[in-house]
Amino acid sequence: MNTNESKQKLVLELEIIEKDLNALGRQLNAEGDWVIVPNNTPEEHADPLDEANQTEELAAKVAVLNVLEQRHEQVERALRAIENETYGICEEAGCPIGKARLEANPSATTCINHTA
Ligand SMILES: [Zn+2]
């Protein structure tokens with residue numbers, strides 16, 4: 001399988017996800033964990049009256065962060081599969097992942113029957 005095109009898409013997607021995470025105050029450390037960007041404390045001058053709103057905003061932000069982090073991990077996993085020459089092979093059972101599925105979602109690492 002020619003994985004060049006998939007790899008390009010995945011690398012681009014990884015960059016976009018990282019940018020989004022950075023914008024939300026997260027950065028990847030040397031260990032590969034997402035940590036809070038230092039000196040990024042927009043909540044510092046919180047008005048107590050806005051606290052309820054901020055709690056909701058924070059919860060929404062955390063939810064977005066979780067989705068982005070999962071997405072990031074999935075894209076990295078697909079990139080590792082390309083490195084290991086297992087790209088396009090279902091992680092669950094070794095069955096082939098359909099071409100159409102990979103085109104629609106280059107970061108897919110399971111076939112349509114073994115979607116988590
Ligand atoms: Zn499968």
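Donors here are N, O and S atoms within 2.8 Å of the metal (3.2 Å for Na, K and Ca); water is not among the atoms, so sites may look incomplete. The model is predicted: local features need pLDDT of at least 70, side-chain atom pairs count only at pLDDT 80 or more, and totals for chains, interfaces and linings use all residues. Residues are numbered from 1 along each chain as its sequence is written, and side-chain values use heavy atoms, with hydrogens and water left out.

**Zinc site**

Select the zinc ion. Its protein donors are Cys90 (SG), Cys95 (SG), Cys111 (SG) and His114 (ND1), at 1.9 to 2.4 Å. The angles between the four donor atoms run from 100 to 115°, so the arrangement is tetrahedral (four donors with all angles between 85 and 135 degrees). Along the sequence, the spacing of the donor residues is C-x4-C-x15-C-x2-H. Cys90 sits in the loop between α2 (51–83) and α3 (99–104), and His114 in the segment after α3, so this pair ties together parts 24 residues apart in sequence. Helices (H or I, at least four residues) and strands (E, at least two) are DSSP runs, numbered from the N terminus.

Colour by accessibility next. Buried means under 20% relative accessible area, exposed over 50%, and partly exposed in between (1.4 Å probe, protein chains only). Cys90 is buried at 3%, whereas His114 is partly exposed at 30%.

**Nonpolar core**

Now select Leu10, Leu21, Val75 and Tyr87, which touch the most other members of the 18-residue largest nonpolar core. Such a core is a set of buried Ala, Val, Leu, Ile, Met, Phe, Trp, Tyr and Cys residues joined through side-chain atoms within 4.5 Å. The largest share, seven residues, comes from α2.

Centre on Val75. Beyond its neighbours within four places in sequence, Val75 is in contact (heavy atoms within 4.5 Å) with Leu10, Glu13, Leu14, Ile17 and Ser107.

**Salt bridges**

Show Arg71 and Glu13. They form a salt bridge, with the closest N and O atoms 2.6 Å apart; the rule is a side-chain nitrogen of Lys or Arg within 4 Å of a carboxyl oxygen of Asp or Glu. This pair links helix α2 to helix α1, 58 residues apart.

Move to Glu73, Arg77 and Glu91, which are linked in a network of salt bridges. The Arg77–Glu91 distance is 2.8 Å, N to O; that pair joins helix α2 to the loop between α2 and α3. Arg77 and Glu73 come to 3.8 Å.

Technical notes. Four donors count as tetrahedral if all angles lie between 85 and 135 degrees; four count as square planar and six as octahedral if opposite donors are over 155 degrees apart and all others between 65 and 115; anything else is irregular.
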